[in-house]
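Let's take a walk through this protein together.

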Amino acid sequence: MPREIPLTNGRLYINFDSNYSLRDIYFPCCGADNHSSGHRSRFGIWADGQFKWVDGQWNPLINYVEDTLISRVIAENSDLGIRITSTDAIDFAEDVYIKKIVITNLLDRPRQVRALFHEDLHVFNTSESDTAYYDPDEQAIIHYKKDRYFLFSGKRDDKTGFDEFTTGVKEFRGLEGTWRDAEDGALSGNTIAQGSVDSVISFWTELPPSGERTVYYWIAAGNDHDDVSRLERLMEEAGPEYFLSRTDHFWRAWIGKDKDRINALPSRTRDIYKKSLFIIRTNIDQGGAVLAALDFDTLNWAEDTYGYMWPRDSAYTSYALDKAGFSSLSRKFFEFCLLITSRGKERNGYFFPKYMSDGSVGSNWHPWIFNGEKQLPIQEDGTGLILWSLWNHYETTREVEFISKMFDPLIRRCADFLASYIDPVTGLPRPSYDLWEERLGIFTYTCSAVYAGLVAASRFCLLFRENEKAREYTRAALGIKKAMEERLYDPGEKRFIKGLYPRTDGGFDRDLTVDASVCAAFYFGLYGPDDARITGTMQAIIERLWAGDPGGIARYEGDNYYRSNTSVTGNPWVICTLWIAQWKIARAETKADLDEALEVLEMICGCANPSGILPEQMDPCSHAPLSAAPLTWSHATLV
């Protein structure tokens, strides 16, 4: 199920699904450990002997407060005669999540209402050996395992603390959990449970006729009991409104730096643009790693998630952030890359396909051997794109001292690898895996990205008067371009082809599949947008990859990933569709030309849900989200 409300301060990360259930809790690194493991933590309302969880029969309207990373959710249940207006935020400085719920009585008589909050944690991604207990000193529920502590408390009617609580066992011998205990509105008060556990806390309040009351709920995260105890004291002393207010001001100041650049956009597009920047920010760890997606439901695909740093996705994201004026975030990412290239096989100048948020190598399905010979299990475009994006960062910031720290251990090391990793037969980069991570070969997209990386490295060398190295990298880049013209451009088709696949006899098979990624020959500057080779390529992409109605561009002909409708060539992808908009922008000569690109942008913005979430791909007929959502690369491409 797509995630609808990601929230973070770079350490604590929380995600809600479209039913307004809390699904993901990462701490203290985004993407490293999901302490709910995708399981649902609910909250519900009891009134007049009836109880309803908000994730059923409430149809919540989910959005963000304008220009902030604070949610605004409205939900109503006619059976209960209750409306709730809820806001969610994570404090920008302290590791505290706060929910504020205004409960409105839709009936003209006084009533007692109880708000119940269920906590279903799987600390360190597992339910084994957890403990949940009532802490009498803090008057709070605490869940912990090893050095991860989570405290649950709140207040209502100017009184800190809850009225009832319970802890218990879940997912063991048929036990569903304490959330079942909550459905009669009363909690048993069990003070401690161990193993696979959960908990519920309850706040009681008296609603006047047609009136309202406010309930606050918070989660404090820390590495030990003292951490969460300190945060609980802060909440009691300063009050939740203090933290909500300062977080509101923080995010308004954060997004405000870019407001003058986007006033010409239509209001919906402007709204999704700003929300995209916020959503990108939620997927950046405090250490600089840019995570592809933290939608834990993708675990159902091959028992792995999108919660990694892909060099490719991250390079595009850093490029977008620099263009939008958020270079401090890009800088942290490049410092993260420098950390990676200082250890292990990365000292040889190449990046592996993906990394954990602490810089360790992520899971990989590319083998180290092909046709009986050693083969690097890499996607070489990622290495080239780091250099390409870093040059853009320098052009944006002109921070020479920062670049000087990068020059030898990252720029030259990676460029030396790219310049040496050339196939002597083809003159093109040696076979590596394509950007879709499916095939080993020599691809137009990868060659274009390597070209861009080498050109960037040459420019860095000229900056530091390393003229001979600059010439070496330039020669390598121009050699790749020349070989692409000879081997990857098809004059009969009047377009660039997808790539070449190595055979066991040393030859190559040509892949004529129309693939949206071949637009990289324009995108990375090998050819201008009006070059005949590019116009022929882009025309083939538009004509043969348009998927469905209302449509969009598929990855390539016959793409089966998450495909359910065989009448179209594949599902439309956000990034592929927006590549068309970028080409239209690049070749525009009049405002009318730009309007053609704006139509594409507005179509994609129309695929976003109210909170601004864009997925990896969409259903070709309904544009319903498919696969990971939100996907950082999708939002970065829109930006």
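Is helix α5 mostly covered or mostly open, and how many of its 14 residues are buried? It's mostly covered, with 12 of the 14 buried, where buried means under 20% relative accessible area with a 1.4 Å probe, protein chains only. Before going on, note that this is a predicted model, in which local features need pLDDT of at least 70, side-chain atom pairs count only at pLDDT 80 or more, and totals for chains, interfaces and linings use all residues. Residues are numbered from 1 along each chain as its sequence is written, and side-chain values use heavy atoms, leaving out hydrogens and water.

You'll find α5 at residues 311-324. Helices here are DSSP runs of H or I, at least four residues, and strands are E runs of at least two, numbered from the N terminus. Among the buried residues of α5 are R312, D313, Y316 and L321. Their cover includes α4 (267-282), α6 (327-340) and α9 (444-463). Just after the helix, G325 has a positive phi of about 95°.

Now zoom out. The protein has 15 helices and 28 strands. Its radius of gyration is 26 Å, close to the 26 Å from the globule rule for 639 residues, so it is as compact as a globular protein of that length; the radius is taken over C-alpha atoms, and the rule is 2.2 Å times the number of residues to the power 0.38. Of the 639 residues, 62% count as buried.

Definitions and conventions: Buried < 20%, exposed > 50% of the residue type's maximum accessible area, 1.4 Å probe, protein only. Expected span 1.5 Å × (residues − 1). Contact = heavy atoms within 4.5 Å.
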